[in-house]
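We will go from stop to stop, picking a few residues each time and looking at what surrounds them.

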Amino acid sequence: MAPKHTLPGLPDRGRCLVMGVVNVTPDSFSDGGSWFDPGRAIEHGLRLVEEGADIIDVGGESTRPGAQRVEASEELRRVEPVVRALAARGVAVSVDTMRAEVAARAVDAGAVLVNDVSGGLADPEMARLVASSGVAYVLMHWRGHSHDMESRAVYTDVVQEVLDELRDRMEAMISAGVDPGQIVLDPGLGFSKRPERAHNWALLHRLERFHELGRPVLVAGSRKRFLSRLLSDGKGEERPFLECDAATTALTTLSADRGAWAVRVHDVRPNADAVRVAAAWSDGGAALHGGRAEIMDRGGL
């Protein structure tokens, strides 16, 4: 079992947490445009909490392969009202951004977690912001922006190299003033990892290796292409992203059993069920109350 970690501002359920995704974008890979309107995004976030999400991750910039960056002002326009409204309802909100400026405004609006897919590499001011704010911080393995990240997916030993690069980034953030207790690590499934070379599966197979770094681990594989490719039909056609939710739930169950701190998912309810099953399985039901898991905390709703 992985060691237990408590992070500032975030819930501690005694099990793997569920992070629900709210993409306030027109072009995200699996649900682009669905929640682009701020009002719809807020409603969706509240619905995900009702379905069992412990954290809501709000993002205003697509990081799908090939995506081009948006201006900081546009990213802020998208995410700030959604973060503010959800936080005001008592929701634990994460902001998915590579920009310190956006992270700072989101934290001011009530975000308690910064989810930075660049691990601090895209914006040199990010470490200063995280250190001064004291919020929890997801540091993901990253080798470059979406437009060219596929060309950087060259490894001799993907598990060891990702582990070493995450360690280096963590040490750099700590040297810049970030408290180690703020940091969550993410191996970066799908980012500079090629599905045809099974990079993502190698990382998942050795997920316990990442506990060597002494920090909680986030697994974010929901609807990603390595699942689509795995489930290709008899003609070799990859399964559509939206039809990979059952596979995502299987991934959640296995990740929770391997000690993941949280899973980041689009379809919350089945994954919220999965983490509770994994927790009951892992301790033989010792933490249950009359056979029931914990009553879902609906974020003040």
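The tour below starts with some ground rules and then moves through helices, strands and side-chain pairs.

**Before you start**

This is a predicted model, in which local features need pLDDT of at least 70 and side-chain atom pairs count only at pLDDT 80 or more, while totals for chains, interfaces and linings use all residues. Residues are numbered from 1 along each chain as its sequence is written, and side-chain values use heavy atoms, with hydrogens and water left out.

**Stop 1: helix H4**

Select residues 126-133, which form helix H4. Helices (H or I, at least four residues) and strands (E, at least two) are DSSP runs, numbered from the N terminus. Which residues of H4 are buried? They are Met126, Ala127, Leu129 and Val130. Here, buried means under 20% relative accessible area, exposed means over 50%, and partly exposed lies in between (1.4 Å probe, protein chains only).

Next, show what covers the buried residues of H4: the cover includes H3, strand E4 (113-116), strand E5 (136-140) and helix H5 (158-175). Just after H4, click on Gly134, which takes a positive phi of about 75°.

**Stop 2: helix H3**

Move to H3, where Ala100, Val102, Ala103, Ala106 and Val107 are the buried residues. Their arc is only 160° around the axis, which puts them on the same side of H3. An α-helix has 3.6 residues a turn, so residues three or four places apart point the same way. The cover over the buried residues of H3 includes H2, E3, E4 and H4. Just after H3 you will find Gly110, with a positive phi of about 120°.

**Stop 3: Arg99**

Select Arg99, in the loop between E3 and H3. Is Arg99 buried or exposed? With a relative accessible area of 15%, Arg99 is buried.

Show its neighbours: leaving out residues up to four places away in sequence, Arg99 touches Glu61, Arg69, Val70, Glu71, Ala72, Glu75, Asp123 and Met126. Contact means heavy atoms within 4.5 Å.

Zoom in on Glu75. Arg99 forms a salt bridge with Glu75, and their closest N and O atoms are 2.7 Å apart. A salt bridge is a side-chain nitrogen of Lys or Arg within 4 Å of a carboxyl oxygen of Asp or Glu. Arg99 lies in the loop between strand E3 (93-96) and helix H3 (100-108), and Glu75 in helix H2 (residues 72-88), so the pair ties together parts that are 24 residues apart in sequence.

**Stop 4: other salt bridges**

How many salt bridges does the structure hold? There are 24 salt bridges. One of them joins Arg15 and Asp54, whose closest N and O atoms are 3.0 Å apart. Arg15 lies in the segment before strand E1 (17-23) and Asp54 in the loop between helix H1 (38-50) and strand E2 (55-59), so this pair ties together parts 39 residues apart in sequence. Arg15 is buried at 10% relative accessibility, and Asp54 is buried at 7%.

Then pick Arg84 and Glu80, a salt bridge with closest N and O atoms 3.2 Å apart. Being four residues apart in helix H2, they are separated by about one helical turn. Arg84 is partly exposed at 43% relative accessibility, whereas Glu80 is buried at 16%.

**Stop 5: strand E6**

Select residues 183-186, strand E6. Ile183 and Leu185 point one way and Val184 and Asp186 the other way, and all are buried. In a regular strand the side chains alternate between the two faces of the sheet. E5 and E6 pair in the parallel sense over four bridges; two strands pair if DSSP finds at least two bridges between them. Look for Met140, which stands opposite Asp186 in E6.

Methods: The arc is that of the directions from the helix axis to the C-beta atoms.
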